[in-house]
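Work through these exercises with the structure open beside you. Try each task before you read its solution.

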Amino acid sequence: MTAMNPWAASYVADLEAAAAALPADRRAELVAEVEAHLRHAMAEPLTDQEARNVVDRLGDPRDLVAEAAADLPTPAPAGGGSASEIVALLLMGIGGLALPLLAPAVGVMIMATASRWTARQVRTTWLILGIGGLALVAGLGLLAFADPTSTAAVRAGLLLLGVLFVVGPASALYAATRPRPA
Amino acid sequence: MEPGNARHRPGNGSGVDLAMDRLRRGAIESCVLALLRGGAAYSYDVVTALAGVDGMVTSEGTLYPLLGRLRREGLVETRWQESPHGPPRRYYALTPEGERAVDAFEAAWAIFRCGVDSIVDGHVRAGDPTTPSLEETP
């Protein structure tokens with residue numbers, strides 16, 4: 001195969017650099033197609049200006065790469081986004097069993113800073129924890145003020161307190177099953 | 001190619017260019033499919049044929065990723081064909097699904113074009129109870 005025209009070679013090098021972030025197969029396909037285009041367009045000897053025109057018409061390599069990446073799923077946000085996501089879920093789930101309400105609350109605060117979740121999803125998670133808060137107040141109230149000889153009242157109070165341990169894992173389950181933003 | 005050709009105006013922010021850019025985004029994939037109605041074609045010929053239509057393409061290179069996407073979507077298929085001059089060439093052809101897609105676009109485009117014309121030409125006014133439906137518009 002003959003050596004490429006310098007304009008073409010320089011364009012392919014720029015394209016390869018711009019395409020570094022693409023998946024390997026997609027990068028290889030794009031570069032191969034563009035190389036074939038350039039070889040075809042420059043099969044006949046061209047003046048320097050003509051060769052430049054061929055390259056100019058292809059457009060900015062970054063535009064080609066953007067087009068090639070258009071239907072790729074968005075990668076997880078950079079900057080340790082996924083680590084804070086896991087911490088938030090662990091605090092809500094496991095933390096919700098060890099330290100009900102408090103650990104999940106910290107988890108939701110971390111959740112609110114992650115781009116993985118929408119503000120609406122964060123509010124819903126607070127709402128789930130809020131149910132636990134209500135259950136705590138109602139359960140304690142029942143145990144404190146109800147007739148201690150009434151087994152039904154005591155059972156209901158303990159049941160309400162049990163809700164405390166459920167809302168943490170429930171909020172983690174809710175958050176973990178939300179689809180990632182496109 | 002003549003220099004200063006109307007289709008090579010990257011960075012020119014004139015109103016017509018901006019309008020063309022928006023329209024192109026919606027139509028270019030269907031135009032690629034429509035071009036392949038004439039039979040399988042070498043990717044280079046597809047790209048240069050589209051680029052030869054004024055206003056259709058600002059950057060020839062972006063058509064290659066577009067062809068790849070159409071293939072992944074199952075609208076076109078490719079095969080390699082030996083060439084008398086140089087390495088094998090990649091030919092693109094419509095799949096049955098691609099044919100249906102371009103038929104659907106053609107039907108939609110006819111309605112859309114009439115609708116836009118009737119609005120742009122001033123035949124439709126806001127609050128006009130006798131606004132014709134798009135199908136009735138000439």
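**Exercise 1. The layout of chain A**

Which pattern does chain A follow, read along the sequence?

Solution. 
- The model is predicted.
- Start by counting elements: chain A has eight helices and zero strands.
- Now put them in order along the sequence: the pattern is α-α-α-α-α-α-α-α.
- Next, look at burial: of the 182 residues in chain A, 29% are buried.
- Last, take the contacts in chain A between residues at least 6 apart in sequence: 65% of them join residues at least 24 apart.

**Exercise 2. Helix H1 of chain A**

Check the length of H1(A), then find the face on which its buried residues lie.

Solution. 
- H1(A) covers residues 6–18, which is 13 residues.
- At 1.5 Å a residue, the helix should span 18 Å.
- The buried residues of H1(A) are Trp7(A), Ala8(A), Tyr11(A) and Leu15(A).
- Look down the axis of H1(A): these buried residues fall within an arc of 95 degrees, so they line one face.
- The spacing has a simple reason: an α-helix has 3.6 residues a turn, so residues three or four places apart point the same way.
- What does the buried side pack against? The buried residues of H1(A) pack against H2, H3 and H4 of chain A.
- Turn to the face away from the buried side: Pro6(A), Ser10(A) and Ala17(A) are exposed there.

**Exercise 3. Where the chains meet**

How many residues of chain A are in contact with chain B, and which element of chain A gives the largest share?

Solution. 
- Count both sides: 19 residues of chain A are in contact with 18 residues of chain B.
- On the side of chain A, the elements that give two or more residues are H2 (24–41), H3 (48–58) and H4 (61–68).
- H2(A) gives the largest share, eight residues.
- Sort this side of chain A by class: seven residues are nonpolar, four are polar and eight are charged.

**Exercise 4. The nonpolar cores**

Which members of the largest nonpolar core touch the most other members?

Solution. 
- The largest nonpolar core has 33 residues.
- Tyr11(A), Val32(B), Leu33(B), Leu67(B) and Val76(B) touch the most other members.
- Helix H3 (residues 63–72) of chain B gives the most to this core, with five residues.
- Follow Leu67(B): leaving aside neighbours within four places in sequence, its contacts are Val32(B), Ser43(B), Val76(B) and Tyr92(B).
- A second, separate core has 18 residues, including Met92(A), Ala105(A), Ile128(A) and Ala135(A).
- The general rule is this: in soluble globular proteins, nonpolar side chains tend to be buried together.

**Exercise 5. Glu99 of chain B**

Is Glu99(B) buried or partly exposed?

Solution. 
- First place it: Glu99(B) is in helix H4 (residues 96–120) of chain B.
- Count neighbours: Glu99(B) has 14 C-beta neighbours inside 10 Å, so it counts as partly exposed.
- Then compare positions: Glu99(B) and Leu75(B) are 24 residues apart along the chain, and their C-alpha atoms are separated by 7.6 Å.

**Exercise 6. Confidence**

Where in chain B is the pLDDT below 50?

Solution. 
- Take the averages: the mean pLDDT is 88 for chain A and 85 for chain B.
- In chain A, 95% of residues reach 70 or more; in chain B, 83% score at least 70.
- The stretch below 50 is residues 1–11 of chain B, and beyond near neighbours in sequence it has 10 contacts in the model.
- Where pLDDT is low, the predicted coordinates should not be read in detail.
- For the model overall, ipTM is 0.77 and pTM is 0.60.

How values were computed: Residues are numbered from 1 along each chain as its sequence is written. Chains are lettered from A and ligands numbered from 1 in the order in which they are written. This is a predicted model: local features need pLDDT of at least 70, side-chain atom pairs count only at pLDDT 80 or more; totals for chains, interfaces and linings use all residues. Two residues are in contact if their C-beta atoms, placed from the backbone, lie within 7 Å. Helices (H or I, at least four residues) and strands (E, at least two) are DSSP runs, numbered from the N terminus. Ala, Val, Leu, Ile, Met, Phe, Trp, Tyr, Cys and Pro count as nonpolar, Asp, Glu, Lys and Arg as charged, and the others, Gly among them, as polar. The expected span of a helix is 1.5 Å times one less than its number of residues. A residue is buried if 20 or more other C-beta atoms lie within 10 Å of its own, exposed if 12 or fewer, and partly exposed in between; C-beta atoms are placed from the backbone. The arc is that of the directions from the helix axis to the C-beta atoms. A nonpolar core is a set of buried Ala, Val, Leu, Ile, Met, Phe, Trp, Tyr and Cys residues joined through C-beta atoms within 7 Å. pLDDT is the predictor's confidence in each residue, from 0 to 100.
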